[in-house]
Each structure stands twice: as C-alpha cells, then as structure tokens.
Amino acid sequence: MSNTPIIEIEQLTKTFRHATEPAVKGISFAINRNEIFGLLGPNGAGKTTTISILCGLFPPTSGKVMINGQDFQTHSTEIRQMIGIVPQDIALYPTLNARENLEFYGSMYGLYGRELRNSINDWLNKLGLTDAAKRKLSTYSGGMKRRVNLIAGVLHKPSILFLDEPTVGVDVHSRNVIIQHLKEINAQGTTIIYTSHHMEEAETFCTRVSIIDQGKILTQGTPAELINNHPGAPNLETVFLNLTKRKLRD
Amino acid sequence: MLHKLLATVKKEVLLLLRDKVGLSILFIMPMVLIFVMTLVQDSAFKTMNEKGIPVVFIDNDKDSLGIQIERGLKANDLCYLSDSIDGKPASVETAQKAVQEGKFLVGIVIPKGATEAIRKNVTELVNQTLNGEDSAIHKSAGKTDSVEITILIDPVAKKSFLISMTSNLREFISEVKTKIMFQTFSEQVAEIIPDKQNAPTNSYQKSQIIKYKELYASKSEDKIVPNAVQHNVPAWTIFAMFFIAIPLSSSILKEKNEGSVFRLHTMPTPYLLLVNGKIIVYVIVCLIQFVLMLSVGQIFLPMLGLPALVLGNSIAGIMLLTGATAFAATGYGVMVGTLASTEHQAAIMGSLSILLLSALGGIWVPSYVMPEVMRNISAWSPLNWSLEGFYKLFLRGGHVSDVLGETIKLLLFFLATMTVTSIANRKKRAV
C-alpha cells in the first residue's frame, strides 16, 4: 500500500438548499493509494453526501476536494474517467438484460469493441452470471442485481472505486462472492472507498476506517487501532455503538 | 464520443422496443385516431355536401314561385328536399312537428297565392310606370301585398347553414319577381308597340349574365379539394408527434427513479450527449410516425371509401417541415421530462399541455373559426405553426420557401426547450 494520498479532503462542508443544518460539517481526511477505506456511520451521518461530492455528483458548499492531485472544477472528465461507482440503489435498466446494461455503461466509460466484450464476459464469468446474461434484469434475484450493479462500476478498471453499501440486502453467498472480488480488484491497484452498516464486514474488509456521525468525523484509523483505543470493546461494532451513543437514527 | 452516442442510441431503441405501452401510444393510438376522426368528420362532410341537409318543403302556392324555389333547392347540393313526411304529404302542422322531432333540419312553407300576390304587385308597378306616374315605385312600395314565406328551424341547425338557405330563397324570389316584371312589361310594351320585331324578347329571362365559378386559391396545378382527409391526416399526425412527450418524459423520469441518472452523472460523458441520444431516437420515431400516418391517408383511408391524401408538390418542403416538427415535439418531451419530478406528474403535465396546445393550435377546431382573442393565442402554438405549414403544402400547393417561416419557428421552439431543459437540469443538480 502506498502512502501517497489519492484523495484529499480539507474542511469539506455541504449544506443542502432549504436545509437548516449542514449534512457534512468541515471534515478533513486523506485516503492513500490502494487503501480500502471504510466510511462508517449511522443513517443520516453524511456518508452518502461525502461520497456524492467525491464522485462529482454535486459540489461542496465549501472546502477542498483533490482526486489524484486534481479538482473537479478543472479536471472533471479526467477524474470521472478514473473513478467507478457502485451506488446503494440498483442503478440499472430493468427491461434490458445484464449484457445490454453492461455494454451501455461500459461504453459511457469509453470502452468499445473487443475490449468491452472481453471485459463484460470476464466479469459475468467471475460473478457467475454468464448463463443469465441474456435475461431481463427484472427477472433477477436481489443478489444477482447487486452483482451486475458491481460489474457496471468496475468494467473500465477504475483507479478509485466508491462502494455505497454494496452488499445491502444480499444473501451470504452473494456477499462473499462480492467481497472476494472486491479484494481482487484492490489487489490489482484500485483504491476502494466503502460505506456499510455491516461492522463485521468492515472490520475484516477495510484497511482503515473513519466513523462519521452528524456530519463530523468521530474517529479514524485501522480497525485494530480503533478497537485497541477503546478498552473493553471486543470489536468494531462496539466501538461504533459507543461512539454513536446507541441512539436510534432515521 | 461517437461510440458513446451510438451506445446511447442503441440503449434508447432497446428501452423503447420493450415498452409495449409506450409503443402503442406512439404508433397505434395515432393511427386509430386518424381513422376515427377522419371517418367521423367525413360522414359529417358528406351529410353537408353529398346528400345534403334534410329539408321539408310545403308548396301551397303551386305556381311560379313555389315551382321555382322547389326546382332551385333540388338543384342545390346544400339540401335534400322532401315534400312528404312518413309517406304522407306534408302540411304546416306535420312539418312543424317533424322539425321539432329532428326529422328535418329546416321546413319551408310557401303560402297559397304567393305568386299571384307578386304578379299583382308587379303588374300595378309596371302599369304605373308606363302611365308615367311619378315615383311609382315609392308609392307602390307602401301598398304591396306582402308574401310571407315561413321557415321552420331546428334549434340545432348551424347559423351559417341558415344564412345560406335564406340567401338562396331570396335569390329565387328575386328571380321570380324579375321574370314576372319582365313578362308584364313585355306584354304592356307589345300592346303599345305593334311592331313585334322591336318588342323586347324573352331571351333575357333565359340568359344568365352573372355566373359563379368556385376556384380554390392553390399554387398547385393539381386540383386539390379540401376534405376531411386533407385536414385530418396532417392535424392528427402533428398531434401524435407531439404526444411522444409522454413516453419520452416518462423514459427520462424512469432513468431518474431507477437510479441510472445518478450513475450517469458520475461518468465521463456529458449529460447533453445522453439527451442527444434520446433526441435522435425520438426524432426518428416521429419520422416513422409521419410516414405511417401518410400511408394511412394515402393507402388505408381510400380502402374505406375516403379520398386519398394528396401531398402537394413539394417533397422537400414536407421533409423540412416534418423534421422541424419532430425536433420541436422531441424537445418539448425532453423539457417536460426534466421539469417534472415524477412519472405521474409528467404524464399529467404532458398530456394536458399537448391537449391544450393542440386545441389552441387548430387541431380539433380550425383556428379561423375561433374568436379573435383565441386566434391570437393560437398563433403561439407550435402545433399551429406545423399545421399551417402542412396546409400550405397539402392544400395551397406551397413549396419550401412557403414553409420556411414555420420551419424556423419550430426549430427556435426546439432551441428554447433545450435551453429551459439545460437551466432546469442545472438548477436541479445544484442541491
């Protein structure tokens, strides 16, 4: 793992129009190349807002975001080409089959011809979807849709991959397959930024995590460091619950 | 960039082909609409022009006036004359009842002695004139026995038809009066001037000095006759083209709701390119719609006994105007899809606005029958620009130069919708 940051955030703040409180309140952190960085927090903590800003979906109200030393204002296309996103919702066309969906999204990243076909075939094969590739997505199970959702974000071999709860609502088998392949992608040089509610999954999957709540970073470090820094906490979930005060969140 | 555009076009085509409801809205609904509207309006047209409006005629005069009016009305395409009701000779009472019941739209009653009254008045007038009495006409005007022709009217009868009918009656009465006057005058002159050679002949009565010729003001050398097909096919084709706003806006909102737009906004592809992919596909859909509608007008409607659609002289003009209409309709659909927040909203906004624009644009009712205020508003409807353009090409034999104004207006409308789309899209993303 390299220690050179690929993502740098300084004093990032986002206040949505008509909102009384900022969703993200002046957070700063850096993510190194080849890390699997977990952004953990309860509902409404500001995880998705942070990831959306990092993906260039909307600009921050204030603060600085640098991706690979470039910012969105001057290098939007270059940054977008190097990132991949696997959104929380299944962002695919239900009336198209898996191959048609992937051909379209792959093309939007500039892939075409044999390169695109090979990449699609390779990923469909890896995630066990070759036989179902010509079926409409609306006939897929939740786990199968999640796998296609993942492929759509990684076809172009991104340098940075954003995963917003990629395994939510997925059975154990599908989850294992997804996590295993994400580790493979990371091993090939892709930096992963990951959000999840599965603390156990985050503990084993992430190289470093940041716990965020109410728009602020509460703590940051490797899962082992966080557990060690909280005496009596046997795992990351206990650390998380202690820091976020065990209150129910909407 | 071309690969991306082609991929977008391919995706749009696949989405469209798998949307059965959308396809039926795009192709089947407008074809059915053209069939139904043309058949309905054609039968109304036939009632007016082929068989004529049903008129019950009671001739109690049995003389020149009654005979002349009956002959004249029978020769007129406007009405279908009958002197009996349910197989029995019509009387004033039965005619009134029949008109009340809607069996006839109009009843005409010529009173007994009508011709005799006219003859008496005219003879007196001629005598006075020949005897050299001053101001004979003015004097006699006050003494004339008036002839009252009764017209029974069904309240549903159109004002324009009644005006036409009374005008015809006036013409027949005037003709009879002139004939009687000329005949009486000739007889009186013949008594004064024994030389028959110099007496006025009766040939004037038979001559028709003023004739009428109906000529449609068209540039086309072909005789294009305005009919239900010539009016309805372009009108409903334009309506169908603009109706793509519903499936198009729905497809934009589906992408938003299904999360695809979220992913697309993070990709190294300008959103405009994605919109362009949609525009290309839906413009092609509009052109296919147009060809289908024309084939309905040219091939299928004649199979049902209706006249075939005549395209006029300018294929280039048709292509230009169709292209501009297709862009205007597609731009409108993209704008509705961007402004609406839900599919439901888009469906209501799209369908109502198109119904409104089409009503204002003269699709349902020709704009020339609208009140002046509405006519002025109508001039702002893109459907009206397109319809006016097609009327110029299909009915007035226009060429490319004649429809340039409409074409430019439609293309400017497209640019305006794209500008609104771009601003609305930027506003929505600036959360």
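1. A residue is called exposed when its relative accessible area is over 50%, buried when that area is under 20%, and partly exposed in between. K62(B) has a relative accessibility of 65% and therefore counts as exposed. This residue sits in the loop that links β1 (53-59) to α3 (64-75) of chain B. The model under discussion is a predicted one.

2. The backbone of K62(B) also deserves attention. Most residues other than glycine have a negative phi. K62(B) is not a glycine, yet its phi is positive, at about 55 degrees. Q11(A) belongs to strand β1 (residues 5-14) of chain A and, because its relative accessibility is 51%, counts as exposed.

3. As to chain B overall, the chain comprises 17 helices and six strands. Of its 431 residues, 47% are buried. Among contacts in chain B with a separation of 6 or more, 80% are between residues 24 or more positions apart.

4. Helix α10 (residues 245-257) of chain B has 13 residues, which should span 18 Å at 1.5 Å a residue; its end C-alpha atoms are 18 Å apart, so the two values agree. The helix is mostly covered, with 10 of its 13 residues buried. Among the buried residues are P247(B), I252(B), L253(B) and E255(B). Just after α10(B), G259(B) has a positive phi of about 90 degrees.

5. Helix α14 (residues 343-360) of chain B, with 18 residues, reaches 25 Å from its first C-alpha to its last, close to the expected 26 Å. Its buried residues include A346(B), G350(B), I354(B) and L357(B). The buried residues of α14(B) pack against α9 (228-242), α10, α13, α15 (372-378) and α16 (382-394) of chain B. Just after α14(B), G362(B) takes a positive phi of about 85 degrees.

6. Is S314(B) buried or exposed? Its relative accessible area is 6%, and S314(B) is therefore buried. The residue lies in the loop between α12 (271-303) and α13 (315-339) of chain B. Leaving aside residues up to four places away in sequence, S314(B) touches L393(B), G398(B), H399(B) and V400(B).

7. The second largest pocket holds about 570 Å³ of space. Elements of both chains give two or more residues to its lining: α2 (72-82) of chain A, together with α11 (260-265), α12 and α17 (400-429) of chain B. The largest share, six residues, comes from α17(B). Of the 22 lining residues, H265(B), Y271(B), L272(B), N425(B) and R429(B) lie nearest the centre of the pocket. By class, the lining has 12 nonpolar, seven polar and three charged residues.

Technical notes. Residues numbered from 1 in each chain as written. Chains lettered and ligands numbered in written order. Predicted model: local features only at pLDDT ≥ 70, side-chain atom pairs only at ≥ 80, totals over all residues. Heavy atoms only, no water. Helix = DSSP H or I, 4+ residues; strand = E, 2+ residues; numbered from the N terminus. Buried < 20%, exposed > 50% of the residue type's maximum accessible area, 1.4 Å probe, protein only. Contact = heavy atoms within 4.5 Å. Expected span 1.5 Å × (residues − 1). 1 Å grid on protein atoms, 1.4 Å probe; cavity = no way out; pocket = protein on both sides within 12 Å on 5 of 7 lines; lining within 4 Å. Points joined across faces, edges and corners; volume = space filled by probe spheres on them. Nonpolar A, V, L, I, M, F, W, Y, C, P; charged D, E, K, R; others polar.
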